[in-house]
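Please look over the sequence and the 3D view before reading on.

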Amino acid sequence: MAHVHVLLNQKGGVGKSTLTVNLAAVTAEAIGVQPNGSPSVLAVSVDPQGSTSWWADRVGDDLPFLFAQAHKDLAGLAKLRKITGVKHIFVDTPGWLDLSEDDDQADPLGDGRAAEILRAVLDNADSVILPIEPEPLGFKPTLRTIRQVVQPRKLPYTVVINNWDPRDGSVDLEQTQDFVRKSDRGHLAKTVVRHYKVHTRASAEGRVVTQYDANRVSLQARQDFDKLALELIINGGAK
Ligand SMILES: Nc1ncnc2c1ncn2[C@@H]1O[C@H](COP(=O)(O)OP(=O)(O)OP(=O)(O)O)[C@@H](O)[C@H]1O
Ligand SMILES: [Mg+2]
């Protein structure tokens with residue numbers, strides 16, 4: 001059975017799609033292909049805005065993992081874990097979904113399906129990855145996601161600081177790390193994903209992290225994803 005990692009955070013723009021695509025890429029490269037030659041990693045997007053889908057399209061035939069856009073495929077999502085041949089599945093979720101259990105209020109698709117889709121994903125999740133940015137106050141919406149959605153389901157989870165620019169100094173980073181450790185001891189990833197322009201440009205250029213040029217900066221940018229994937233896999237998908 002595949003291990004299903006769900007990238008989740010009520011807060012938008014924190015790196016869910018960037019982490020989905022690049023974790024899928026480095027994991028696919030590390031574990032190789034199935035005996036039939038097809039990739040052992042699948043990325044799934046349930047974001048109707050389809051930014052991951054657009055990215056995957058731009059990479060085209062060179063995409064090193066399988067990809068499925070599934071925001072309408074409730075039946076498929078319910079069977080996610082049972083997909084054979086694939087070892088790791090990374091699921092990208094939208095930032096604006098209403099994550100509460102008794103939610104009739106916010107329903108961006110307007111047909112009650114958004115909450116159902118998220119429920120199907122979480123029912124099939126083995127672990128959750130919550131990207132956050134290095135802003136101490138930004139952790140509050142993330143904490144809400146953890147308390148309302150992740151902990152009631154007893155899902156293992158990891159909080160990952162993403163988009164830290166070392167040129168900004170380490171004060172915000174350290175404050176964010178302290179904040180996370182205080183409220184969620186033991187769930188903070190050791191790996192910090194740094195800010196690199198090459199990541200920001202990658203979707204428009206149709207590249208994933210394993211396809212960056214082999215220059216020093218790109219290799220540093222890639223190293224964060226190699227480390228993060230290794231940390232997540234060693235910890236069984238979460239802390
Ligand atoms: N480590 C990084 N370095 C540079 N740019 C980054 C990094 N992480 C994310 N970005 C950029 O920040 C923006 C938001 O990232 P992304 O789209 O992955 O967030 P998201 O959580 O999926 O957003 P949404 O909630 O809208 O789906 C994108 O332009 C992306 O390229
Ligand atoms: Mg996204």
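Thr-52 touches Ser-17, Val-21, Ser-45, Phe-67 and Asp-92, leaving out residues up to four places away in sequence; contact means heavy atoms within 4.5 Å. The model is predicted, so local features need pLDDT of at least 70 and side-chain atom pairs count only at pLDDT 80 or more, while totals for chains, interfaces and linings use all residues. Residues are numbered from 1 along each chain as its sequence is written, chains are lettered from A and ligands numbered from 1 in the order in which they are written, and side-chain values use heavy atoms, with hydrogens and water left out.

**Thr-52**

- Thr-52 is found in helix H2, residues 51-59. Helices (H or I, at least four residues) and strands (E, at least two) are DSSP runs, numbered from the N terminus.
- Thr-52 counts as buried because its relative accessibility is 1%. Buried means under 20% relative accessible area, exposed over 50%, and partly exposed in between, with a 1.4 Å probe and protein chains only.
- The side chains of Thr-52 and Ser-17 are joined by a polar contact of 3.5 Å. A polar contact is a pair of N or O atoms within 3.5 Å; within protein, one must be able to donate a hydrogen and the other to accept it, and residues adjacent in sequence count only if both atoms are side-chain atoms.

**Ligand 1**

- Which residues come nearest to ligand 1? They are Lys-16, Ser-17, Thr-18, Asn-162 and Thr-200, out of the 17 residues around ligand 1. A residue is near a molecule or strand if one of its heavy atoms lies within 4 Å of it.
- A polar side-chain atom of Lys-16 is 2.9 Å from an oxygen atom of ligand 1.
- A polar side-chain atom of Asn-162 is 2.9 Å from a nitrogen atom of ligand 1.
- Tyr-196 uses its backbone: a polar atom there is 3.1 Å from a nitrogen atom of ligand 1.
- On its own, ligand 1 has 620 Å² of accessible area, and the protein covers 78% of that. Accessible areas come from the Shrake-Rupley method with a 1.4 Å probe; for residues, only the protein chains shown count as cover.
- At least two residues of the shell around ligand 1 come from each of helix H1 (16-31), strand E6 (157-164), E7 and helix H7 (197-205).
- H1 gives the most to that shell, with 3 residues.

**Helices H4 and H5**

- Helix H4 spans residues 113-123, and its buried residues are Ala-114, Ala-115, Ile-117, Leu-118, Ala-120, Val-121 and Leu-122.
- These H4 residues pack against strand E1 (3-7), helix H3 (74-78), strand E4 (88-92) and helix H5 (139-150).
- The buried residues of H5 are Phe-139, Pro-141, Thr-142, Leu-143, Thr-145, Ile-146, Val-149 and Val-150.
- On the H5 side, the packing partners are H4, strand E5 (127-132), E6 and H6.

**The loop between H6 and E7**

- Asp-184 sits in the loop between H6 and E7. Asp-184 counts as buried because its relative accessibility is 5%.
- The side chains of Asp-184 and Tyr-157 make a polar contact of 2.9 Å.
- Beyond its neighbours within four places in sequence, Asp-184 is in contact with Phe-139, Leu-143, Ile-146, Arg-147, Gln-151 and Tyr-157.
- His-187 is in the loop between helix H6 (171-183) and strand E7 (193-194). His-187 is buried, at 18% relative accessible area.
- A polar atom of the His-187 side chain is 2.9 Å from the backbone oxygen of Tyr-157.

**Positive phi**

- Lys-154 has phi near 55°, a positive value in a residue other than glycine. Lys-154 is in the loop between H5 and E6. Lys-154 counts as exposed, at 73% relative accessibility.
- Asn-163 has phi near 75°, again positive in a residue other than glycine. Asn-163 is in strand E6. Asn-163 is partly exposed, at 29% relative accessible area.

**Gly-206**

- Gly-206 lies in the loop between H7 and helix H8 (216-234). Gly-206 counts as buried, at 12% relative accessibility.
- Gly-206 and Trp-54 are 152 residues apart in sequence, yet 9.0 Å apart in space, C-alpha to C-alpha.
- Neighbours within four places aside, Gly-206 is in contact with Arg-58, Val-59 and Gln-211.
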